Amino acid sequence: MFPGGGGVDMQQLLQQAQKMQQDLATAQQELAETPVEGSAGGGLVKATVTGSGELTALVIASEAVDPDDTETLADLVIAAVRDANNSAQELAKAKLGPLAQGLGGGGIPGLPI
């Protein structure tokens, strides 16, 4: 019982929790299907990841390819993938953050927020 004599409506609480769980699953599915792009070297290397962080595409401009300097190309690839993943994490925070707040705030173990 809560102060003031009001009781907890368990059915309503369970329905709210179920709806939040469905909303969370929907948001996670949308994230998994949303492409996010990152780039490096002024666009010489572009990486595309899903909102859940899966690398799905990598485009390297021919100007970025120097057979005598593969280290720079590797650095550009890493930077582009990192940029795309950072964007994916921001997208996850935007989509999942409000749902986490509804569950009591501080983040949910296993979720990228």
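Reader: Before anything else, what does "buried" mean here?
Author: Buried means under 20% relative accessible area. Over 50% is exposed, and partly exposed lies in between. Note that this is a predicted model.

Reader: Fine. What share of the chain counts as buried?
Author: Of its 113 residues, 25% count as buried.

Reader: And the accessible surface of the chain, what does it come to?
Author: About 7,500 Å². Carbon and sulfur atoms hold 53% of that surface.

Reader: How many helices and strands?
Author: The chain has 2 helices and 3 strands. Their order from the N terminus is α-β-β-β-α.

Reader: What about contacts between residues 24 or more positions apart?
Author: Take the contacts with a separation of 6 or more. Residues 24 or more positions apart account for 44% of them.

Reader: Let's do helix 1. How far does it reach?
Author: Helix 1 has 24 residues and spans 35 Å from first C-alpha to last. That is close to the 34 Å expected at 1.5 Å a residue.

Reader: What happens at the start of helix 1?
Author: Aspartate 9 puts a side-chain oxygen within 3.2 Å of the backbone nitrogen of glutamine 11.

Reader: Which residues of helix 1 are buried?
Author: Leu24, Ala27 and Leu31.

Reader: Leucine 13, buried or partly exposed?
Author: Leucine 13 counts as partly exposed, because its relative accessibility is 44%. Leucine 13 sits in helix 1, which covers residues 10-33. With Val8 and Met10, Leu13 forms a nonpolar surface patch. Together the three have about 270 Å² of accessible area.

Reader: Salt bridges next. How many?
Author: The count is 3.

Reader: Which residue does lysine 19 pair with?
Author: Lysine 19 bridges to aspartate 23, with the closest N and O atoms 2.9 Å apart. Both are in helix 1, 4 residues apart, about one turn. Lysine 19 is partly exposed at 48% relative accessibility. Aspartate 23 is partly exposed too, at 28%.

Reader: And lysine 95, what is its partner?
Author: Glutamate 30, with the closest N and O atoms 2.9 Å apart. Lysine 95 is in helix 2 and glutamate 30 in helix 1, so the bridge ties together parts 65 residues apart in sequence. Lysine 95 has 29% relative accessibility, so it counts as partly exposed. Glutamate 30 is partly exposed at 36%.

Reader: What does glutamate 90 bridge to?
Author: Lysine 93, with the closest N and O atoms 3.9 Å apart. The cut-off for a salt bridge is within 4 Å, so the pair counts. Lysine 93 is partly exposed, with 45% relative accessible area.

Reader: Change of topic. Where is aspartate 69?
Author: Aspartate 69 is in the loop between strand 3 (55-60) and helix 2 (70-102). Its side chain makes a polar contact with the side chain of threonine 72, at 2.6 Å. Aspartate 69 is partly exposed, with 31% relative accessibility.

Reader: Last one. Why does threonine 48 count as buried?
Author: Threonine 48 counts as buried because its relative accessibility is 17%. The cut-off is under 20%. Threonine 48 lies in strand 2, residues 45-50.

Reader: Which residues does threonine 48 touch?
Author: Leaving out residues up to four places away in sequence, threonine 48 touches Pro35, Val36, Glu37, Glu54, Leu55, Thr56 and Ala57.

Note on methods: Residues numbered from 1 in each chain as written. Predicted model: local features only at pLDDT ≥ 70, side-chain atom pairs only at ≥ 80, totals over all residues. Heavy atoms only, no water. Patch = residues over 30% accessible without salt bridge, like charges linked within 9 Å, V, L, I, M, F, W, Y side chains within 5 Å. Areas by Shrake-Rupley, 256 points an atom, 1.4 Å probe, with all protein chains shown as cover. Salt bridge = Lys/Arg side-chain N within 4 Å of Asp/Glu carboxyl O. Buried < 20%, exposed > 50% of the residue type's maximum accessible area, 1.4 Å probe, protein only. Contact = heavy atoms within 4.5 Å. Expected span 1.5 Å × (residues − 1). Polar contact = N/O pair within 3.5 Å; in protein donor to acceptor, adjacent residues only side chain to side chain.
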